Amino acid sequence: MFDDLLPEIKKGIANSTGSIPVVFKGIERQFAKEDLPSKSNQHEFHELLFVRSGKAQFEIAGRKIYVEKGDTLVIRPFQPHKIIVNDGKIDMIVLYFGFRKFNSLTMSENTINSEDIPFEVTKFSIESFLQFASGSNATQMQTEKVDPYLTIKGKIRQDIASIVDRILRESRSDAYGKELMMQFLTMELLVALSRGLREEWEDSIRVKTGKAKELVKMAREFLVEHHDRDISVTDAASYVFLSQGYFTRAFRDEIGMSPMSFLMQIRVDHACRLLEQKEIKVGGIARQVGFASPQRFNAAFRKQMGITPMEYRKQILDKNG
């Protein structure tokens, strides 16, 4: 069963992204002031560092960042970096991960020699994976300036720490189903990172009122433009890279009603215009304005207008003679 399941999982991911996320190597590292590498290094893949104890400074592409116990740092590919420990020592778990083309994937080994990478690493990014994981067609974060590194803070750090530790232990084991488990854990890690990035994004726009207003405006336009399709509030939230809960609150604060109420209003307003044309059947109007069934259309119309679509049509026709 396991032999059949893993190829199907890979195929499903590859069909959506063209790449497979893989942890190439996992190691425990300790650095003290007296044994630091003198030169910067860089890799063709993402380097994730979880700090178990201590603190240090990193220089990444000319920028400085301080890390301490509990922090997660992701250094993007091809970014020169080095670590500086001013006092004591730092203990970290380091994972090297990336995305490789599906047609070149051979999972007979779960770790590789970082000095000799025997495969082609794609340019697929963490933000692109988040776009895939959330089912979004657009990633607002990709329009922002791309930093050479990512820091993950907040509640998600504990989840990441647990997954990183499990990946390290699994990579050292010879347990049954190791290949499948490594694939699952890699996916779990990247989903957790994606959630962390989403939290960071939402935290940042909470203090950027203009940005929140801009995102709500984009979502409003999305709802208006696509109201006649089978869309939901989740689709609109994903469009502007927000969680549904935060998006709903921001939308209500800005527009004065919930996204769903706004969507229903747009659909019913459109239906009213179509109902003035007596040659169009009511059932057809329901589909044209985005309702899955005449029953849902009738319920939404009555809730907003106080009468049924047929009663509204009769009133309009009587009024126009």
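1. Two strands pair if DSSP finds at least two bridges between them; helices (H or I, at least four residues) and strands (E, at least two) are DSSP runs, numbered from the N terminus. Glu59 stands opposite Lys82 in E6, and four bridges join the antiparallel strands E3 and E6.

2. This is a predicted model, in which local features need pLDDT of at least 70 and side-chain atom pairs count only at pLDDT 80 or more, while totals for chains, interfaces and linings use all residues. Residues are numbered from 1 along each chain as its sequence is written, and side-chain values use heavy atoms, with hydrogens and water left out.

3. An open sheet is formed by three strands in the order E4-E3-E6, with antiparallel pairing. E4 and E6 are the edge strands, each pairing on one side only.

4. Most residues other than glycine have a negative phi. Ala61 has a positive phi, near 50°, and is found in the loop between strand E3 (55–60) and strand E4 (63–68). Phe78 also has a positive phi, of about 65°, and lies in the loop between strand E5 (72–75) and strand E6 (81–84).

5. The structure holds five salt bridges (a side-chain nitrogen of Lys or Arg within 4 Å of a carboxyl oxygen of Asp or Glu). Glu28 forms one with Arg52, with the closest N and O atoms 2.5 Å apart; Glu28 is in strand E1 (residues 19–32) and Arg52 in strand E2 (residues 46–53), 24 residues apart. Arg172 also forms a salt bridge with Glu28, at 2.9 Å between the closest N and O atoms. Arg172 lies in the loop between helix H3 (156–171) and helix H4 (178–206) and Glu28 in strand E1, so this pair ties together parts 144 residues apart in sequence. Glu28, Arg52, Asp91 and Arg172 are linked in a network of salt bridges.

6. A salt bridge also joins the side chains of Arg166 and Glu188 (3.4 Å, N to O). Arg166 is in helix H3 and Glu188 in helix H4, 22 residues apart.

7. The axes of helix H8 (residues 259–275) and helix H10 (residues 294–305) come within 10 Å and cross at roughly 95°. Axes are lines fitted to C-alpha atoms, for helices over the stretch in contact, and angles run from 0 to 180 degrees between N-to-C directions. H8 and H10 are therefore roughly perpendicular to each other (65 to 115 degrees). Contact means heavy atoms within 4.5 Å; the residues making it include Met264 and Val268 of H8 and Phe297 and Phe301 of H10.

Note on methods
Angles under 35 degrees count as roughly parallel, over 145 as roughly antiparallel, 65 to 115 as roughly perpendicular and the rest as oblique.
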